[in-house]
Amino acid sequence: METFFRTHRYLVEHVNAPVRRTLMDEIDWSAPLIGIKGTRGVGKTTFLLQYAKENFDIEDRQCLYVNMNNFYFQGRGIADFANEFYHTGGRVLLIDQVFKQPDWSKELRRCHDEHPELHIVFTGSSVMRLKDENPELNGIVQSYNLRGFSFREFLNLLTGNNFQPYSLEEILSNHERIIKQILPHVSPNRYFQDYIHHGFYPFFQEHRNYSENLLKTMNMMTEVDILLVKQIELKYLTKIKKLFYQLAEEGPKAPNISKLAADIETSRATVMNYIKYLTDARLLNMIYPVGKEFPKKPSKIMLHNSNLLYAIYPIRVSQQTAMETFFVNALWKDHKVNQQGHDQCFIVDGDQKFRIVDATAKQRYQPDTIYARYNTEIGKDNIIPLWLLGFLY
């Protein structure tokens with residue numbers, strides 16, 4: 001136990017969290033069991049350590065961070081460790097990468113039943129279905145998603161500002177006033193293309209090649225997260241990777257499921273399942289017509305965020321595709337985005353039309369549509385600058 005406390009003290013003391021994530025204030029920390037899901041690279045470990053640093057003295061043994069990567073846990077379950085921690089005065093156990101532990105959900109249930117006063121916060125892959133696939137956690141776990149940096153968080157980090165998020169309703173009704181509060185402090189267009197290229201994953205701050213780092217992370221998402229969590233045999237990994245690359249290379253459009261099935265030599269149903277796994281891993285986004293959802297075929301498949309575009313096929317990235325990918329990703333957290341057939345209009349929350357357009361191109365504007373324009377910093381009436389949607393979280 002002393003070894004874990006020494007590691008905890010060192011990690012908390014040296015954690016570097018220059019941007020305070022908005023999720024920190026959205027979580028009900030009084031809940032006995034909290035699950036924080038997120039894709040690789042979005043900062044789940046830093047998030048746990050930041051929570052410990054904000055709420056506990058570094059010498060306070062009531063809080064402890066542990067990582068299931070530690071080989072110690074190959075021979076000892078979470079519940080037994082939590083029992084020892086509790087009886088030494090522990091009250092908040094932070095468990096990183098919980099899915100690395102066999103029977104982790106049953107172990108957490110046992111912790112909850114044996115020590116209801118012990119608070120456990122754990123992180124896991126975005127591929128996990130905490131309640132659907134782990135019925136023993138139903139009714140006792142609060143689940144949250146940690147996302148990559150928003151454009152607002154990226155901007156705050158690089159400029160030293162402290163801009164606050166806005167709801168979509170606030171942006172649509174008051175965007176001209178909001179912009180007047182931002183522009184005196186910063187020129188968003190100076191940073192927006194950098195964010196589109198390399199701003200979503202916090203590891204852009206590291207002194208390493210970003211695209212190479214992202215490619216490594218994407219491979220880990222398929223090799224570890226999807227195969228391990230979904231318990232897929234290793235021999236199918238090549239098919240999943242090939243499918244993902246083909247979808248990325250084809251660009252945002254309706255998938256030809258029969259052709260994809262033939263290309264990777266599997267069934268149509270398996271292709272749809274693989275697409276769902278890649279979506280759960282936050283590598284893809286499936287866009288459906290209003291009222292339709294999985295397992296139906298989507299009307300369009302897009303990469304989950306614009307950074308992925310540049311890592312996979314940088315010479316083929318069109319600005320329109322990158323901006324539409326940003327739009328869907330920005331709204332994905334709290335809103336439902338659909339698209340009807342071949343129409344280039346996105347439908348948000350079932351009824352609001354959006355078009356993503358270049359401010360430098362000629363455009364006829366319709367009063368029933370919101371136009372999110374790039375290559376501009378200002379808007380008017382139903383025309384808003386696209387970058388401002390990066391302030392939704």
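Tutor: Let's start with pairing: rings of Phe, Tyr and Trp (its six-membered ring) pair if their centres lie within 6.5 Å, and planes under 30 degrees apart count as stacked, over 60 as edge-to-face and the rest as tilted. F149, F151, F154, F163, F192, Y195, F204, F326, W387 and F391 form one aromatic cluster. Mind that this is a predicted model, where local features need pLDDT of at least 70 and side-chain atom pairs count only at pLDDT 80 or more, while totals for chains, interfaces and linings use all residues. Residues are numbered from 1 along each chain as its sequence is written, and side-chain values use heavy atoms, with hydrogens and water left out.

Student: What makes the pair of W387 and F391 edge-to-face?
Tutor: Their ring centres are 5.7 Å apart and their planes sit at 70°, so the pair is edge-to-face.

Student: And why is W387 called buried?
Tutor: Buried means under 20% relative accessible area, exposed over 50%, partly exposed in between (1.4 Å probe, protein chains only). W387 has a relative accessible area of 1%, so W387 is buried. F391, with 0%, is buried too.

Student: How many aromatic pairs turn up in the whole structure?
Tutor: The search finds 29. One of them is W104 with F122, a tilted pair with 6.1 Å centre to centre and 50° between the planes.

Student: Which parts of the chain does that pair link?
Tutor: Distant ones: W104 is in helix α5 (residues 104-114) and F122 is in strand β4 (residues 119-125), 18 residues apart. Helices (H or I, at least four residues) and strands (E, at least two) are DSSP runs, numbered from the N terminus. W104 counts as buried because its relative accessibility is 10%.

Student: What puts R91 over the face of Y86?
Tutor: The rule asks for NZ of Lys or CZ of Arg within 6 Å of the ring centre and within 35 degrees of the ring normal. R91 lies at 4.1 Å from the ring centre of Y86. The charged end of K276 also sits over a ring, that of F294, 5.8 Å from its centre.

Student: How many cavities of 30 Å³ or more does the structure hold?
Tutor: There are 4. A cavity is a set of points, on a 1 Å grid over the protein atoms alone, where a 1.4 Å probe fits but cannot get out; lining residues have an atom within 4 Å of a point. About 80 Å³ of space lies in the largest cavity, and its lining residues include K37, R282, H304 and W332.

Notes
On a 1 Å grid over the protein atoms alone, a cavity is a set of points where a 1.4 Å probe fits but cannot get out, and a pocket is an open set with protein on both sides within 12 Å along at least five of seven lines; lining residues have an atom within 4 Å of a point. Grid points are joined across faces, edges and corners, and a volume is the space filled by probe spheres set on the points.
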